[in-house]
Amino acid sequence: MNESLRPPTREQLIDVRRQMATVQYGKELLEKKRDALLRTLEEDRRNFKKLESFFREQMRHISFIYALIRMYEGQSVLQFIKSERGHTQVVVERHTLMGCHYSQFKPLKEQVFSLSGLAYDPAMASLYVDDLLNEMKKIEEKVWLFINLKAKLSALEKELSKTMLKINTLQYILIPTLHKEESRIRDILSERERQERYAVKKLSKKKKLQGFSYFQE
């Protein structure tokens, strides 16, 4: 028999209330997760903004030095300061934070930027070349932090979006539906109890009338 066609019972009412308590508890847990994600995102966004500001300043400085080298040294000098290490091999580490999975990256130790890996003679190069290489080494130390922070922020924002969707689904769809179901069952049970009391009262009155008539005879 279909559940929807069965007359409501007190067991169904208790079950609906139990579901409501479970859903409410789950919503509270999701709200705590949302708050923790927001706190982490706020801190990481603040750090990312500072790092982004540093990169913009450094890139302006590097671009200025690069322009000076091209102007005074020529394009050929830039060929000698290219790294010979080829492609950088990256190690990927998996992390989990409040149910959010994200990746962090770092280069192999032997592939960290080194001036010794460049095909140029420092004694024959100008100070502009030395300045450019030193600035590049300085910025590389922040590159991986920038990449990892950007990857973490992206993952946390997606997780926050999914968490907010779950909270809204519970708050505006599931919980109101359970409230309506509880109210429906409670009203039916109350009406049934009133009908039963009326039937019992009517039957009791009928028995009293029958007893009175018997004594009169």
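Buried means under 20% relative accessible area, exposed means over 50%, and partly exposed lies in between (1.4 Å probe, protein chains only). This is a predicted model, in which local features need pLDDT of at least 70, side-chain atom pairs count only at pLDDT 80 or more, and totals for chains, interfaces and linings use all residues. Residues are numbered from 1 along each chain as its sequence is written, and side-chain values use heavy atoms, with hydrogens and water left out.

**Exercise 1. The chain as a whole**

State which elements the protein chain contains and what share of its residues is buried.

Solution. 
- Step 1: elements. The protein chain has three helices and two strands. Helices (H or I, at least four residues) and strands (E, at least two) are DSSP runs, numbered from the N terminus.
- Step 2: order. Along the sequence the pattern is α-α-β-β-α.
- Step 3: burial. The protein chain has 217 residues, and 27% of them count as buried.
- Step 4: surface. The protein chain exposes about 16,000 Å², with 57% of it supplied by carbon and sulfur atoms. These areas come from the Shrake-Rupley method with a 1.4 Å probe; for residues, only the protein chains shown count as cover.
- Step 5: contacts. A contact means heavy atoms within 4.5 Å. Take the contacts between residues at least 6 apart in sequence: 79% join residues at least 24 apart.

**Exercise 2. Confidence**

Find which element has the lowest mean pLDDT and which has the highest.

Solution. 
- Step 1: the scale. pLDDT is the predictor's confidence in each residue, from 0 to 100.
- Step 2: the average. The protein chain has a mean pLDDT of 81, and 76% of its residues reach 70 or more.
- Step 3: Where pLDDT is low, the predicted coordinates should not be read in detail.

**Exercise 3. Salt bridges**

Solution. 
- Step 1: the rule. A salt bridge is a side-chain nitrogen of Lys or Arg within 4 Å of a carboxyl oxygen of Asp or Glu. The count comes to 15 salt bridges.
- Step 2: Arg17. Arg17 bridges to Glu182, with the closest N and O atoms 2.9 Å apart. Arg17 is partly exposed at 39% relative accessibility. Glu182 is buried at 12%.
- Step 3: the network. Salt bridges link Arg17, Glu182 and Arg186 in a network.
- Step 4: Lys152. Lys152 and Asp44 meet through their side chains in a salt bridge, 3.3 Å from N to O. Lys152 counts as buried because its relative accessibility is 17%. Asp44 is buried too, at 7%.
- Step 5: Arg56. Arg56 and Glu52 form a salt bridge of 3.6 Å, N to O. Arg56 is exposed at 52%, and Glu52 is partly exposed at 28%.

**Exercise 4. Aromatic rings**

Classify the pair Phe54 and Phe55, then name the cluster that holds them.

Solution. 
- Step 1: the rule. Rings of Phe, Tyr and Trp (its six-membered ring) pair if their centres lie within 6.5 Å; planes under 30 degrees apart count as stacked, over 60 as edge-to-face and the rest as tilted. The count is three aromatic pairs.
- Step 2: the pair. Phe54 and Phe55 are edge-to-face, at 5.9 Å centre to centre and 75 degrees between the planes. Phe54 is partly exposed at 25%, whereas Phe55 is buried at 13%.
- Step 3: the cluster. Phe48, Phe54, Phe55 and Phe146 form one aromatic cluster.
- Step 4: the charge. Lys142 lies over the face of Phe54, 5.9 Å from the ring centre. The rule asks for NZ of Lys or CZ of Arg within 6 Å of the ring centre and within 35 degrees of the ring normal.

**Exercise 5. A helix 3 residue**

Decide whether Asn148 is buried or exposed, and list its contacts.

Solution. 
- Step 1: place. Asn148 is in helix 3.
- Step 2: burial. Asn148 is buried, at 12% relative accessible area.
- Step 3: contacts. Leaving aside neighbours within four places in sequence, Asn148 is in contact with Gln104 and Phe105.
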